[in-house]
Amino acid sequence: MITLSDMYHVLTAVVPLYVAMILAYGSVKWWKIFSPDQCSGINRFVALFAVPLLSFHFISSNNPYAMNYKFIAADTLQKIIVLIVLVIWSRTSSRGCLEWSITLFSLSTLPNTLVMGIPLLKGMYGEASGTLMVQIVVLQCIIWYTLMLFLFEFRGARLLISEQFPDTAGSIVSFRVDSDIMSLDGKEPLQTEAEVGEDGKLHVTVRKSTSSRSEILSRRSHGPNSGVSLTPRPSNLTNAEIYSVQSSRNPTPRGSSFNHTDFCSMINGNNASNVSPRQSSYGNKGFDEENGVGGFGNHSRGNGVFGQGNSGYPAPPNAGIFSPLAGPGAKKAANGTEGGKELHMFVWSSSASPETEGGIHVFRGGDYGNELGVGAHRKDYDELGRDEFSFGNKAVLNGADREGPALSKAGSSSTAELHPKTGAHETKPTAMPPASVMTRLILIMVWRKLIRNPNTYSSVFGLTWSLVSFKWGIEMPAIIAKSISILSDAGLGMAMFSLGLFMALQPKIIACGNSIATFAMAIRFVTGPAVMAAASIAVGLRGVLLHIAIVQSALPQGIVPFVFAKEYNVHPDILSTGVIFGMLIALPMTLVYYILLGL
């Protein structure tokens with residue numbers, strides 16, 4: 001039976017965290033103490049120092065040789081059950097898709113264990129429960145967050161391949177990714193170069209788009225303008241002529257070495273003096289100078305890009321790489337052209353400018369980008385959270401484009417409906433490269449993300465030290481232990497303070513709408529604990545351990561899944577609501593579970 005004394009101990013452990021969060025919220029919303037730039041600095045400190053050192057402190061002080069394997073098995077079984085159900089649902093249901101599978105997995109299985117779980121469960125069930133929470137934190141950081149990264153990078157790779165190689169993806173046998181590319185999240189413009197070997201297979205190189213980089217530099221140098229500039233790009237390839245079409249809503253005052261008329265004449269073959277030495281496979285196509293759009297298959301008005309033949313997919317924005325050979329004709333050219341190899345290039349990028357992207361620094365590495373709601377280039381959250389992974393204009397919540405018709409894409413990131421759009425614009429499934437090729441590509445990108453995340457090092461170093469220290473009884477030198485404890489002791493308070501700043505900078509606490517928020521909260525606080533209860537009973541947990549397992553699964557939404565969702569643009573408004581609104585109702589919800597389980 002839960003007594004008033006027990007309730008007081010719980011509130012004593014949790015209320016101070018809410019005090020820090022409320023103070024941060026009021027300092028921005030009511031008292032205007034901190035500016036957005038100052039909030040960004042605080043969040044960055046939390047991401048790089050406070051939280052990683054807090055994680056290291058908990059993990060290094062936990063005895064890995066005394067882990068409760070039944071408890072770990074129950075937590076693992078819960079996540080495996082959810083994964084299996086989501087895979088079956090995405091395969092068999094017309095409403096199933098990868099984006100919603102990722103979001104539902106985050107909502108149902110990844111709670112805020114480090115910041116909320118450890119103090120809350122210690123207040124409810126004593127110090128032993130804190131040890132169990134640390135074990136859950138270790139698994140989350142090393143296994144489940146890595147799995148989330150894998151899924152997000154798989155989605156990014158699939159979108160890149162399906163958009164740029166809709167007919168020839170099955171012929172790709174290798175990927176090479178330049179070392180300066182850290183992710184396939186679609187925020188930075190990427191250029192793919194596909195080299196066709198003598199065997200007719202494609203060898204793809206992915207690198208940053210130099211044309212898009214030049215456009216960004218020009219925007220920063222000259223400010224917002226309007227227009228389209230056509231810039232020839234030099235090529236070190238003997239059998240390819242490459243041109244970039246640089247576009248923005250505002251003209252960029254850059255010189256061009258040739259005009260639109262010459263360029264159109266070269267494409268149409270009407271001006272023999274300007275025709276490339278090798279004939280283009282595009283045929284006679286038109287070019288709309290007013291809108292900056294070439295009539296090569298599907299296109300979106302106002303993007304100033306060239307589509308590829310009749311391939312049926314939109315060309316990328318901001319930079320178009322034009323080549324005499326592209327698409328399904330690659331094999332034919334490889335067999336009939338001297339040298340046996342041809343090369344065609346594409347550019348892949350998000351429709352949003354990197355200058356205005358945002359995020360949140362909480363639990364995030366230093367190179368992950370700017371912060372949501374902070375910085376000089378803050379933009380409205382509705383726009384920020386709904387940039388589509390397509391080559392067209394951004395889509396608003398109801399699915400209509402701001403500047404033109406909707407473009408097809410492999411999956412929907414809109415929160416207006418719980419299933420991808422269907423109809424005339426639906427993208428046909430693209431045959432993916434072999435599983436071994438895709439796996440290698442994704443592992444490369446996941447590894448690059450992990451090695452730039454300070455939480456990866458804190459988890460690995462903490463686990464390594466605990467294995468050594470508890471095996472041979474080695475104590476950490478006092479000078480090092482005290483240096484770490486100074487910051488780790490402030491980690492919990494600073495993490496909650498950052499959450500308060502994040503809440504204050506948002507236009508709305510419920511960013512995704514009431515119906516979607518209700519659905520998300522039901523998944524977070526009802527479905528997750530129900531599956532955990534079933535998994536715990538299946539592995540034999542009883543008594544207090546069963547109660548701890550259920551209550552920890554009813555904690556509010558974790559921060560890291562939201563950071564990933566924002567970075568990869570997969571329902572960030574839903575995860576934002578899960579973090580903010582979930583924190584507000586977490587205390588009463590967990591207390592309800594605590595009281596009911598104690599009856």
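1. Confidence of the model. The structure is a predicted model. The mean pLDDT of the chain is 73, and 63% of its residues reach 70 or more. Two stretches call for caution in reading. Over residues 224-261 the pLDDT is below 50, although this stretch has 101 contacts in the model beyond near neighbours in sequence. The pLDDT is also below 50 over residues 263-427, a stretch with 425 contacts in the model beyond near neighbours in sequence. Where pLDDT is low, the predicted coordinates should not be read in detail.

2. Pairing of strands 1 and 3. Strand 1 (residues 172-177) pairs with strand 3 (residues 202-208) in the parallel sense, over five bridges. Within strand 3, His203 is the residue that stands opposite Ser174.

3. Pairing of strands 2 and 3. Strand 3 also pairs with strand 2 (residues 190-196), here in the antiparallel sense and over seven bridges. Gln191 has Arg207 of strand 3 as its bridge partner. Strand 2 and strand 3 form a hairpin with five residues between the strands, and in this hairpin Gly200 takes a positive phi near 80 degrees.

4. Contact of helices 3 and 15. The axes of helix 3 (residues 69-92) and helix 15 (residues 514-539) come within 8 Å and cross at roughly 130 degrees. Because of this angle, helix 3 is oblique to helix 15. The crossing of these two helices is right-handed. On the side of helix 3, the contact involves Lys70, Ala73, Ala74, Asp75, Leu77, Gln78, Ile81 and Val82; these meet Gly528, Val531, Met532, Ala535, Ser536, Ala538 and Val539 in helix 15. By class, the residues of the contact of helix 3 with helix 15 comprise ten nonpolar, three polar and two charged.

5. Contact of helices 14 and 18. Helix 14 (residues 491-504) and helix 18 (residues 572-598) have axes that come within 11 Å and cross at roughly 115 degrees. Helix 14 is therefore roughly perpendicular to helix 18. Their crossing is left-handed. Met496, Leu499, Phe502 and Met503 are the residues of helix 14 that meet helix 18, where their counterparts are Ser576, Val579, Ile580, Met583 and Leu584. Which classes make up this contact of helix 14 with helix 18? The residues divide into eight nonpolar and one polar, with no charged residue.

How values were computed:
Residues numbered from 1 in each chain as written. Predicted model: local features only at pLDDT ≥ 70, side-chain atom pairs only at ≥ 80, totals over all residues. Heavy atoms only, no water. Pairing = 2+ DSSP bridges. Helix = DSSP H or I, 4+ residues; strand = E, 2+ residues; numbered from the N terminus. Axes fitted to C-alpha atoms, helices over the stretch in contact; angles between N-to-C directions. Parallel < 35°, antiparallel > 145°, perpendicular 65-115°, else oblique. Left-handed = near helix turned anticlockwise from the far one by under 90°. Contact = heavy atoms within 4.5 Å. Nonpolar A, V, L, I, M, F, W, Y, C, P; charged D, E, K, R; others polar. pLDDT = per-residue confidence, 0-100.
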